[in-house]
Amino acid sequence: MTINGTDDAFTLLRQAVDLLPGNATAENGLTIADVRRDIELQEWETVLDMLIEIADVRPVSTAFWEKLAEAARQMMLDRTRRGCRPRARSVDAVR
């Protein structure tokens, strides 16, 4: 769903999952399959946290972090949003 030209938080999280390779895993063993399961359960804040955990151990795109930051903003998770923004900028700085 789109709100004022921007995808809603739940769509953004689904899109972010699609930006990760299928074998992406967090240090604690979380997998893309775990993320997709929680998407089905509509555990949106958990999905956001899981995506951050996976991305913390593997290179991801600026677009990935921007999707997470916007999803966090829409979910009113300001601390999480603020944590995603610098990560997006650091990806740009490396390139």
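Residues are classed as buried under 20% relative accessible area, as exposed over 50% and as partly exposed in between, with a 1.4 Å probe and protein chains only. The structure is a predicted model, in which local features need pLDDT of at least 70 and side-chain atom pairs count only at pLDDT 80 or more, whereas totals for chains, interfaces and linings use all residues. Residues are numbered from 1 along each chain as its sequence is written, and side-chain values use heavy atoms, with hydrogens and water left out.

The protein chain contains 5 helices and 2 strands, where helices (H or I, at least four residues) and strands (E, at least two) are DSSP runs numbered from the N terminus. Read from the N terminus, the elements follow the order β-β-α-α-α-α-α. Of the 95 residues of the chain, 40% count as buried. Among the contacts (heavy atoms within 4.5 Å) with a separation of 6 or more, 58% are accounted for by residues 24 or more positions apart. The chain exposes about 5,600 Å², of which carbon and sulfur atoms supply 48%; accessible areas come from the Shrake-Rupley method with a 1.4 Å probe, and for residues only the protein chains shown count as cover.

A nonpolar core is defined as a set of buried Ala, Val, Leu, Ile, Met, Phe, Trp, Tyr and Cys residues joined through side-chain atoms within 4.5 Å. The largest such core has 29 residues, and those with the most contacts inside it are Leu 13, Leu 20, Val 35, Leu 51, Phe 64, Trp 65 and Leu 68. At least two residues of this core are supplied by each of α1, α2 (32-40), α3 and α4 (62-74), and the largest share, 8 residues, comes from α3. When residues up to four places away in sequence are not counted, Val 35 touches Val 17, Val 47, Met 50, Leu 51 and Ile 54.

Helix α3 has 12 residues and reaches 16 Å from its first C-alpha to its last, close to the 16 Å expected at 1.5 Å a residue, the expected span being 1.5 Å times one less than the number of residues. The buried residues of α3 are Trp 44, Val 47, Leu 48, Met 50, Leu 51, Ile 52, Ile 54 and Ala 55. An α-helix has 3.6 residues a turn, so residues three or four places apart point the same way.

Aromatic pairs were assigned to rings of Phe, Tyr and Trp (its six-membered ring) with centres within 6.5 Å, planes under 30 degrees apart counting as stacked, over 60 as edge-to-face and the rest as tilted. By this rule the count comes to 2 aromatic pairs. The ring centres of Phe 10 and Trp 44 lie 4.7 Å apart with the planes at 40°, so this pair is tilted. Because Phe 10 lies in helix α1 (residues 9-18) and Trp 44 in helix α3 (residues 44-55), the pair ties together parts that are 34 residues apart in sequence. Phe 10 is partly exposed, with a relative accessible area of 33%, whereas Trp 44 is buried at 12%. The rings of Phe 64 and Trp 65 have centres 5.5 Å apart and planes at 85°, and the pair is therefore edge-to-face. Phe 64 is buried, with a relative accessible area of 1%, and Trp 65 is buried with 3%.

Positive phi values occur in Gln 42, where phi is near 60°, and in Met 76, where phi is about 60° although the residue is not a glycine. Gln 42 lies in the loop between α2 and α3 and is exposed, with a relative accessible area of 55%. Met 76 lies in the loop between α4 and α5 (78-94) and is likewise exposed, with a relative accessible area of 74%.
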